[in-house]
Amino acid sequence: MEQLNSLSPLDGRYSEVTQSLRKYFSESALIKYRTNLEMLYLMHLLDFLEIPNSEFDFFEVSDEDVLKIKEIEKKVRHDVKAVELFLRDKINNQYVLEFIHFGLTSQDVNSSSYVLSMKESNQEIIIPTIDKMINLIHQKSENWFQIPMLSRTHGQPASPTTLGKELMVFSERLRKQLHQLKEFKYTTKFGGAVGNFNSHYIAYPEKDWIKFGNNFTESIGLERNHYTTQIDNYDNYSEMFDILKRLATVMIDFCRDIWLYVSQDYFTQLNLSGEVGSSAMPHKINPINFENAEGNLMMAVSLLEFMSRKLPVSRLQRDLTDSTVLRNIGTCYGYLLIGVESIMSGLKRIDVNRKKIREDLDKNKIVLAEAVQSILRKEGVENSYLLIKEMTRGGKNLDVEEMVVLLEEKGIQISEAGKSQIYNLDVHSYVGRF
């Protein structure tokens, strides 16, 4: 009932798919990221300042700790301040207490927490899952690489290709985008109230706080943006969201092509016992996985595009709109992950209808017109394209022998070698190389 009562399908209908993301993007996860970051900062700060009697041990933040922090937040009505107050209650060392959250603003903690959550979810969930999907597409491509197939440009019969090659197009496109995500450099804001380490330098003017900030962010696996306001510039977020958006867009393109191949009977779908394809038409097996993927990926693209466009814009040294928007990063990831998983489910239940693909080629031998006019060009026949165009347009489905007869009736001279090459043309082998 908890799932059925969920406001969002991400935590309801699709909760089994998206639950792995809760570790990174739930409210509990954000609180844990913040608390861990505050402790790591405290440890580095105490060491940097060489505060005496300031031993402090990092501890694992429990679910019980999270609930305590939420209770504090209800009273003070500030989520990051609640973490600070929790740590002050938790840490029993008077030499340490006043250095908790020393010189920081909320966005030092929030920005680093969000970036870490995205980095870790990318590395541990998103990249491996998309890699798995690409490998599945690639495997299908290799299995079907030699199957000749009629291509369709503008929806019309066009020069033959192979089924595997067409799928390999998507495999290559996705790998290029995923490579950018794998090589992505994660940056964060870390410099106090307005990014200038004001509080740090007024308290300890002799210390190199810029170097300290750089070293600290590097220690947690991030790079520090040197010039910021109170908040991060968010350009780095936009770059990453745009990569994710491109990945999702290529997947949408893939889903639509597979959907069309299913509608043309180029693919058959596994008949699952007990499954109902239509409430009215019992014969139907719908390509629901690819439709589901397309819809969820479109949701992801819309949200990622909005995030990318909105976050880098903020009034003067900051407004609070970024805080509200950032809480929805997990929603973007949720829709993206559902789409990827749905594509993999769909790929596992389709197979090639070789008979239908062959029949379609045999019914459209007219596509060899391209090959014939190329041979005529080599033979030196003037206006070869126009000649073949006049003979073949208007729904005619001539074979190559009929084309040669019509050409000879027009007085076109073709060498015996040229004729032999034309007669040997086969719609099943005219697929080029790749």
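User: What does Ser 238 touch, not counting residues up to four places away in sequence?

Analyst: Ser 238 touches Ser 308 and Pro 312. Contact here means heavy atoms within 4.5 Å. This is a predicted model, in which local features need pLDDT of at least 70, side-chain atom pairs count only at pLDDT 80 or more, and totals for chains, interfaces and linings use all residues. Residues are numbered from 1 along each chain as its sequence is written, and side-chain values use heavy atoms, with hydrogens and water left out.

User: Where is Ser 238 placed? Why is Ser 238 called buried?

Analyst: Ser 238 lies in helix α11, residues 235-263. Helices (H or I, at least four residues) and strands (E, at least two) are DSSP runs, numbered from the N terminus. Buried means under 20% relative accessible area, exposed over 50%, partly exposed in between (1.4 Å probe, protein chains only). Ser 238 has 8% relative accessibility, so Ser 238 counts as buried.

User: How do you know how α11 and α12 run relative to each other?

Analyst: Take the angle. α11 packs with α12 (residues 288-310) at about 155 degrees, and their axes are 9 Å apart. Axes are lines fitted to C-alpha atoms, for helices over the stretch in contact, and angles run from 0 to 180 degrees between N-to-C directions. Under 35 degrees counts as roughly parallel, over 145 as roughly antiparallel, 65 to 115 as roughly perpendicular, the rest as oblique. The α11 and α12 pair is therefore roughly antiparallel.

User: What residue classes make up the contact of α11 with α12?

Analyst: The contact has 16 nonpolar, six charged and three polar residues. Ala, Val, Leu, Ile, Met, Phe, Trp, Tyr, Cys and Pro count as nonpolar, Asp, Glu, Lys and Arg as charged, and the others, Gly among them, as polar.

User: Which residues of α10 are buried, and what do they pack against?

Analyst: In α10 (residues 209-219), the buried residues are Trp 209, Phe 212, Gly 213, Asn 214, Phe 216 and Thr 217. They pack against α3 (27-49), β3 (187-189), α9 (198-203) and β4 (223-225). Gly 221 follows α10, with a positive phi near 85 degrees.

User: What makes Cys 255 and Cys 332 buried?

Analyst: Their relative accessible areas. Cys 255 has 0%, so Cys 255 is buried. Cys 332 has 1%, so Cys 332 is buried too.

User: What makes the phi of Tyr 234 worth a look?

Analyst: Most residues other than glycine have a negative phi. Tyr 234 is not a glycine, yet its phi is positive, about 70 degrees. Tyr 234 sits in the loop between β4 and α11. Its relative accessible area is 0%, so Tyr 234 is buried.

User: Why is Asp 265 called partly exposed?

Analyst: Asp 265 has 43% relative accessibility, so Asp 265 counts as partly exposed. Asp 265 is found in the loop between α11 and β5 (267-269). Its phi is positive as well, near 65 degrees.

User: How far is Asp 57 from Thr 162?

Analyst: They are 62 Å apart in space, C-alpha to C-alpha, and 105 residues apart in sequence.
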